[in-house]
Amino acid sequence: LSGNGPSGICLSYLLSGYTPYFKRHSHHPHPILQRKLEEAPEVSVLDQDLEYLSEGLEGRSHSPVALLFDTLQRPDTDFGGTAESVLTWWHEPDRAIPHLVLGRNAPGGAWHSIEGSMVTLSKGDWMGLPDLPFKEWLKQKRRGLRNNRATAEDIAQYYQHYVMKKGLQKNFRCGTVVTSVRKVSAESISNHTQKDLQEDSDSLWNSNEKSTEVFQVDGFFKTVEGDKEPFSIYAENVVLATGTYDNPTWLGVKGENLSYVHHQLSALEEAVKSNSVGIMSDPVLIVGAGLTAADAILFAHHCNIPVIHVFRRRVTDPGLIFNQLPKIMYPEYHKVHQMMKEQTAACAGPYECYISLPEHHVLSFGKDKKCILQDKNGCQKAYKISMALVLTGSNPNLSFLPNNGIDLAIDSDQPVSSKRNPIDVDPFTYECTQEKGLYALGPLAGDNFVRFVQGGALAAASSLVKKANKNPP
């Protein structure tokens, strides 16, 4: 498994012999699903037909298995209910499948890179992994959930605790960076002809139908001393769970590579800590109208730092995330949306230190820290700023795959993108349609919420368990 965020942790749990069964005498509010679950309570969910079980389920994800696993764990959560999970978990060590989870950071993936005090978009209960409710873990810390939501620091700690508590740490190798995943013929390994294979780049995946093929995973391990120790692993199956946090999107405008232009929220936090921006400084330019941009605005507002906020859409655009969030659950994002509406450059509103420029885009950044913006009518205006934060989303970094993984995407002419062009997977196994033995989970497969990435782990685990039973050791 490449990636040790929630998808990787959940899959490791399922591959370690932890097996979900329907809890006898429990009642699921969905009558058809209840009837199906009662048909074979002695057969684990992993061994059942996931397509049959998930048929007819509806919800906030496009993935049938994501909806299935979610509703088995949180039966009526979308209606504000707190019904207990209808699953019971048995540890069956003889069913475990040997695996390694490779990740750059501690278990939890990108959650360790997010400002610790940030509050999650999802309800805290939805951040939990199987058979260890997040709420219970928080209670042990003697803390409650703020407005039903959790901080990023809580979640990062919970994921680390989960790995220890469930005894998964022996499968995790942290501080590892994967540099290459490719198919090689099993013969070539014994014949030591990897070099020849690497030179043969005509066929991207080096397919050779005649012989048995395995994946060669190369990379390096960062030692405590800071050295890089190379490794090579051979595996029949590889699961990609590297998320989408690695490559922030660039605007592609002149001057974007200047030192005062940043693409991560952490740059603003660092600037505040080092006092390089403050109440008296020139405004910070924030580009983007998603939740990361909103987090930056809230952070700047909290520190009384002046902000110029630039975004391409209209404030009333239904595609804007703020127009899709319930006000009661998300008061702080509602506040940002209100600021965006009421505080445009055209009319001064009640919020000091903030100007909203809807339907504008950046033309260029100058060496003198002057930024040129253009509105929808083509009018240009220069603004003197202290720093710029371009927060318009991010893309996965798949440089370790042949052709950056583009051949695996739904549209194989475009780069992989979690929102626009995910990796093409079978919806009931999460195996790549273009490359057997390779699986993709989480944002890479278009599942962007922790709550729903677990279904992909269930699908992949079910597929891997069925493969292992077909080819017993």
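**Salt bridges, helices and surface features of the predicted model**

Arg313 and Asp317 form a salt bridge, with their closest N and O atoms 3.3 Å apart. The structure is a predicted model. Arg313 is partly exposed, with a relative accessible area of 39%. Asp317 is buried, with a relative accessible area of 16%. The cut-off for buried is under 20%, so the value of 16% places Asp317 in that class.

The count of salt bridges comes to 12. One of them joins Lys384 to Asp282, where the closest N and O atoms are 3.9 Å apart. Lys384 lies in strand E18 (residues 380–384), while Asp282 lies in the loop between H9 and E13. The pair therefore ties together parts that are 102 residues apart in sequence. Lys384 is partly exposed at a relative accessible area of 40%, and Asp282 is partly exposed at 34%.

Another salt bridge forms between Lys467 and Glu431, with 3.2 Å between the closest N and O atoms. This pair also links distant parts of the chain, 36 residues apart. Lys467 belongs to helix H12 (residues 450–470). Glu431 sits in the loop between strand E20 (394–395) and strand E21 (438–440). Lys467 counts as partly exposed, at 27% relative accessibility. Glu431 counts as buried, at 11%. Salt bridges also link Asp47, Glu92 and Arg95 in a network.

The wider fold was examined next. The protein has 12 helices and 21 strands. It contains 473 residues, and 52% of them count as buried. The protein exposes about 23,100 Å². Carbon and sulfur atoms supply 51% of that area.

Helix H1 covers residues 6–15. In this helix, 10 of the 10 residues are buried, so H1 is largely enclosed by the rest of the structure. Among the buried residues are Pro6, Gly8, Cys10, Tyr13 and Leu15. Just after H1, Gly17 takes a positive phi of about 95°.

Helix H9 spans residues 266–273. Its buried residues are Ala267, Leu268, Glu269, Ala271 and Val272. They pack against strand E12 (261–262) and strand E13 (284–287). They also pack against helix H10 (291–302) and strand E19 (387–390). H9 is followed by Asn275, whose phi is positive, near 60°.

Positive phi values were found in loops as well. Most residues other than glycine have a negative phi. Glu359 has a positive phi near 55°. Glu359 lies in the loop between strand E15 (354–358) and strand E16 (360–365). The residue is partly exposed, with a relative accessible area of 25%. Asn404 also has a positive phi, near 55°. Asn404 is found in the loop between E20 and E21. Its relative accessible area is 42%, and Asn404 is partly exposed.

Cys379 occupies the loop between strand E17 (370–375) and E18. Cys379 is partly exposed, with a relative accessible area of 47%. Leaving aside residues up to four places away in sequence, Cys379 touches Leu373 and Gln374. His360 is 19 residues from Cys379 along the chain. The C-alpha atoms of this pair are separated by 9.5 Å.

The surface also carries a patch of negative charge. Asp49, Glu51, Glu55 and Asp426 gather there. Glu55 is found in the loop between helix H3 (50–54) and helix H4 (64–73). Glu55 is exposed, with a relative accessible area of 53%. The cut-off for exposed is over 50%, so Glu55 belongs to that class.

Key: Residues numbered from 1 in each chain as written. Predicted model: local features only at pLDDT ≥ 70, side-chain atom pairs only at ≥ 80, totals over all residues. Heavy atoms only, no water. Patch = residues over 30% accessible without salt bridge, like charges linked within 9 Å, V, L, I, M, F, W, Y side chains within 5 Å. Areas by Shrake-Rupley, 256 points an atom, 1.4 Å probe, with all protein chains shown as cover. Salt bridge = Lys/Arg side-chain N within 4 Å of Asp/Glu carboxyl O. Lys, Arg positive; Asp, Glu negative; His and termini not counted. Charge placed at Lys NZ, Arg CZ, Asp CG, Glu CD. Helix = DSSP H or I, 4+ residues; strand = E, 2+ residues; numbered from the N terminus. Buried < 20%, exposed > 50% of the residue type's maximum accessible area, 1.4 Å probe, protein only. Contact = heavy atoms within 4.5 Å.
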